[in-house]
Amino acid sequence: MRLDRFIANHKRVSAFQVRLLLAQRQVRVNGEVVCDGSRGLTEFCHVQLGAEILQERTPIYLMLHKPKGCVSAARDAQHLTLLDLIDPALRPQLHLAGRLDFNTTGLVLLTNDGRWSRALTEPQHKTPKTYWLQTQDVITEDYVASFAQGMFFAYENLWTQPATLRILTPYTAELTLYEGRYHQVKRMFGRFNNEVLQLHRLAIGALKLDNTLAPGEYRALTPAETHGILAVRDGSLIDRLLLSGCVQR
Ligand code: URA
């Protein structure tokens with residue numbers, strides 16, 4: 001939103017009064033006097049009018065080691081949810097940047113920054129997500145080409161993005177997907193009638209799950225991790241988010 005509209009809405013004053021306040025150098029954004037009403041604001045800009053703080057919101061970015069048997073949702077009548085694992089003081093602000101199935105373990109991100117989570121989860125951005133998995137039957141070399149080619153998902157009427165499968169042992173593999181379709185890993189192995197017995201997310205973009213976190217534990221991302229995860233595949237996007245004050249170096 002533009003600064004002048006933000007002040008007019010917040011203080012219920014006219015556009016003329018806003019121009020006056022700006023000309024009187026009464027408005028500060030992130031500590032600096034701003035006279036240009038057309039300046040863009042994000043939800044995380046600190047905005048001050050004289051001594052009065054009009055907006056003060058801190059962005060939060062967390063990585064969580066999801067345990068088995070936990071729902072990727074804010075509320076569930078029967079089961080523990082990922083939000084139940086987070087400090088109650090932070091919970092109301094947070095949402096998940098992508099989900100994992102009930103019995104899938106590994107890296108999950110939580111934030112109060114909608115632009116950041118959209119940048120990570122929208123399929124057009126093609127953020128890589130890397131999984132370790134174990135199957136019921138042997139994974140053979142012909143899977144690799146099939147995953148790389150993409151598979152037709154009739155329900156969504158689309159072809160999956162080329163995925164990278166690296167066979168580790170006859171029953172285990174590392175898989176990198178560039179999108180996050182519903183039950184995607186299990187459905188892709190399902191094409192070979194091969195059940196996925198264990199699924200663990202190792203990384204999202206450049207960000208690897210911190211192996212000092214036990215299942216159920218979480219920690220804040222560093223600023224470098226927060227923007228590094230986006231930079232892995234889209235330099236222009238990270239520049240736009242930095243300019244708008246959405247992420248900090
Ligand atoms: N694909 C799946 O099938 N399950 C997950 O939890 C994540 C990706």
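## Cysteines in the interior

Cys70 has a relative accessible area of 0%, so this residue is buried. Cys45 is buried too, because its relative accessibility is 2% and the cut-off for buried is under 20%. Keep in mind as you look around that this is a predicted model.

## The chain as a whole

Let's step back to the overall picture. Seven helices and 15 strands make up the secondary structure elements of the chain. Its C-alpha trace spans about 75 × 35 × 30 Å along the principal axes.

Of the 249 residues in the chain, 45% are buried.

## Where α1 meets α2

Now for a closer look at one helix pair. Helix α1 covers residues 3-11 and helix α2 covers residues 15-23. The two pack with their axes 9 Å apart, at an angle of about 115 degrees, and their crossing is right-handed.

Which residues make the contact? On the α1 side they are Leu3, Asp4, Ile7 and Ala8, while α2 brings Val18, Leu21 and Leu22. Six residues of this contact are nonpolar and one is charged, with no polar residue taking part.

Conventions. Residues numbered from 1 in each chain as written. Predicted model: local features only at pLDDT ≥ 70, side-chain atom pairs only at ≥ 80, totals over all residues. Heavy atoms only, no water. Buried < 20%, exposed > 50% of the residue type's maximum accessible area, 1.4 Å probe, protein only. Axes fitted to C-alpha atoms, helices over the stretch in contact; angles between N-to-C directions. Helix = DSSP H or I, 4+ residues; strand = E, 2+ residues; numbered from the N terminus. Left-handed = near helix turned anticlockwise from the far one by under 90°. Contact = heavy atoms within 4.5 Å. Nonpolar A, V, L, I, M, F, W, Y, C, P; charged D, E, K, R; others polar.
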